[in-house]
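Open the model in your viewer and keep the selection tool at hand.

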Amino acid sequence: MSDADQVQRKPVGIDELLDRVRAGYERIGPEEAAAEAADGALLVDIRYAALREKDGLIPGALVVERNELEWRLDPQGSHRAPQAVSHDLRVVVICNEGYASSLAVASLRQLGLHRATDLTGGFQAWRSAGLPVAP
């Protein structure tokens with residue numbers, strides 16, 4: 001990118017970036033995420049350890065720290081999780097409140113995981129919906 005290109009680009013705030021990212025896919029709610037998990041979708045919890053210890057875990061969700069997400073879910077990656085079997089895998093990313101997960105989905109989609117989405121409201125919405133949480 002030339003210096004002229006950099007000068008002409010207007011900085012994007014996080015709210016606008018989230019809007020742009022989310023416009024590229026359909027987000028889902030807690031009940032839909034639970035139903036998709038029952039049909040084989042992979043729920044991926046990217047919350048950091050302190051939040052998981054404080055609030056609990058979604059039974060059956062794969063826990064992957066955000067800084068490892070792309071390496072663990074890339075089906076072509078040498079450090080992939082056993083569940084990362086295909087670019088066609090339905091992945092539902094879950095953070096605490098549904099913000100970081102949207103940015104994570106954008107990254108996964110760049111890797112070719114075209115069915116990746118995230119949970120609107122994150123773990124807190126899951127718990128508020130009365131869905132299962134393990135200590």
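Begin by selecting Ile 14, Leu 17, Leu 18, Val 21 and Arg 22, which lie in helix 2 and meet Ser 102, Leu 103 and Ala 106 of helix 6. Bear in mind that this is a predicted model.

Now show the two helices whole: helix 2 covers residues 14-22 and helix 6 covers residues 100-110. Two packed helices are described by the angle between their axes and by the distance between those axes. Here the axes come within 10 Å and cross at roughly 50°. That angle makes helix 2 oblique to helix 6. As for handedness, the crossing of helix 2 and helix 6 is left-handed.

Next, select Pro 30, which is placed in helix 3, residues 30-38. Is Pro 30 buried or exposed? Pro 30 is buried because its relative accessible area is 11%, and under 20% counts as buried. To see what is in contact with Pro 30, leave aside neighbours within four places in sequence and display Leu 119, Thr 120, Ala 125, Trp 126, Ala 129 and Leu 131.

Last, go to Asp 74, in the loop between helix 5 (69-73) and strand 3 (91-94). Asp 74 is buried yet has no salt bridge. Which side chain of opposite charge is nearest to Asp 74? It is that of Arg 80, 7.9 Å away. Residues up to four places away in sequence not counted, Asp 74 touches Arg 80, His 87 and Leu 111.

Terms used: Residues are numbered from 1 along each chain as its sequence is written. This is a predicted model: local features need pLDDT of at least 70, side-chain atom pairs count only at pLDDT 80 or more; totals for chains, interfaces and linings use all residues. Side-chain values use heavy atoms; hydrogens and water are left out. Helices (H or I, at least four residues) and strands (E, at least two) are DSSP runs, numbered from the N terminus. Buried means under 20% relative accessible area, exposed over 50%, partly exposed in between (1.4 Å probe, protein chains only). Contact means heavy atoms within 4.5 Å. Lys and Arg count as positive and Asp and Glu as negative; His and the chain ends are not counted. A salt bridge is a side-chain nitrogen of Lys or Arg within 4 Å of a carboxyl oxygen of Asp or Glu. Axes are lines fitted to C-alpha atoms, for helices over the stretch in contact, and angles run from 0 to 180 degrees between N-to-C directions. Angles under 35 degrees count as roughly parallel, over 145 as roughly antiparallel, 65 to 115 as roughly perpendicular and the rest as oblique. A crossing is left-handed if the near helix is turned anticlockwise from the far one by less than a right angle, and right-handed if clockwise.
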